[in-house]
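Subject: Structure for your review: aromatic contacts

Dear colleague,

Please find the structure below for your records. I would be grateful if you could read it alongside the notes that come after it.

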Amino acid sequence: MNKKSSPALEQEFEHEPVPLSHRHSTGSVSAVWFGFPMILTNALFGGIITWSLGFWPAIIAILLGNLVLFAYVGSLSWFAGQTGMNFALQAKRTFGTKGYILVSGFLSTVVIGWYAFQTGLTGTVINQTFGWNALAVTAFAIVLYTGVTFLGVRALSILGMVAAPLFVVLGLVALWLISQQHDFSAVVQWHGSPAAVGTMSMGTAVTMVVAGFADSGTMTADFTRWSKNGKSAVIAAFSAFPVANVISYLFGVVIVAVGAAVDPATNGGNFLPILMGHGALLSAIACLFVFINLGSVCTHCLYNGAVGYSHLFHSKMRLWTLILGVAGGALALAGVWSYFLEWLSLLGIVVPPFGAVMIVDLIFMAKISETRKTSRMRGSAFAAWAIGSLCAVVAHLLFPQFGEAVIGLVTAAISYTLIMKIKNEAPASIMEGKNA
């Protein structure tokens, strides 16, 4: 298994840790994560948060959300870099050799939902901006995104190296165009829209930031397992949260705060409309930007799903890339993707507790998790996840202003710690034969 293939179609190590001989440089792995959050969706959300809260509260919410994401994704990434294990392998250790099927299958399906949503969005954005046939554009996007993902993690790295700089350049062009008619000195004085007062709390805004990458953030090991070590993996995670994620949000924040956004209540700080009407060349680059930008999200989500399903079915990542690319694409073409957003956002609330349990089990209780006997289904892990998820859902329904995503994370971690203390579980070498 250690024989290297061609760079474009190297082994993906779906069923075993990535050996050190096949690990990638810190820059290469960072490019995978750095390019992921550099998306128009973040500019849109950043603008909506600013429209509702004002400039400085929005900055605080975005920074707090990214601090949570860095702690969360960074921890899971560190373990991935140390072990070379993908998400499915990690989940197998924490939730059991059969229990992980529920966890990995659930998250792998959720990310394919996001793939379908963003692929359908590609056709809609191009249609609204340039008037092209939405179905034809979506069909082209399906082929394009599936093809890039099929090439593997190196292709995602190259895409990230292109997507991130292009986002920054076009964002700056949009700001330059805005500066011709608006005064940026008043940006920090923006206190939010009077019409949006009371529609969003600080906690809700923080949850919006965290939930945006709750799914793929939890599955970060599929990307960061390629790092040479834990430190390199944490650097890769840091390049995304807070660096890339904050930058992409800030464009939306500034565009709304300066008063240049087009329909900020629903379109936030999306700067694509601002680039229109300034010549054929800029319009052509903007069109290319849509495919590269949304393609970065779609390929990452499709890769997550393909790695997860390939492990579940003892198959190959590239086979499942084709299967899921077509299946998710069919959902996008059918138009059902437009109904996914609220459902996927709700699922995002119950996903972080999975990662919280894994962080406590694999890192803080490593001496126990590394040596205990293999178990088919670890009820203690699922119980802690259920408690965290229940608390998150209750918070979402009754007091979202306190940040349901963070509540779910913390309660799941505390619950698992207490359950393990009560069980008084010890390494197998001490308590031979006692299963988790």
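The notes below concern aromatic rings and their surroundings.

This is a predicted model, in which local features need pLDDT of at least 70, side-chain atom pairs count only at pLDDT 80 or more, and totals for chains, interfaces and linings use all residues. Residues are numbered from 1 along each chain as its sequence is written, and side-chain values use heavy atoms, with hydrogens and water left out.

The structure holds 28 aromatic pairs (rings of Phe, Tyr and Trp, the last by its six-membered ring, with centres within 6.5 Å; planes under 30 degrees apart are stacked, over 60 edge-to-face, the rest tilted). One of them joins Phe 106 and Phe 354: the centres are 6.1 Å apart and the planes stand at 55°, so this pair is tilted. Phe 106 belongs to helix α5 (residues 99-130) and Phe 354 to helix α17 (residues 352-364), so the pair ties together parts 248 residues apart in sequence. Helices here are DSSP runs of H or I, at least four residues, numbered from the N terminus. Phe 106 is partly exposed at 27% relative accessibility, whereas Phe 354 is buried at 4% (buried is under 20% relative accessible area, exposed over 50%, partly exposed in between; 1.4 Å probe, protein chains only).

The rings of Tyr 309 and Trp 320 are stacked, with centres 5.3 Å apart and planes at 25°. Tyr 309 lies in helix α14 (residues 280-312) and Trp 320 in helix α15 (residues 317-334). Tyr 309 is buried at 16%, and Trp 320 is buried at 14%.

Finally, Trp 33, Phe 36, Phe 213, Phe 223, Phe 241 and Tyr 303 form one aromatic cluster.

Yours sincerely

Conventions. Helix = DSSP H or I, 4+ residues; strand = E, 2+ residues; numbered from the N terminus.
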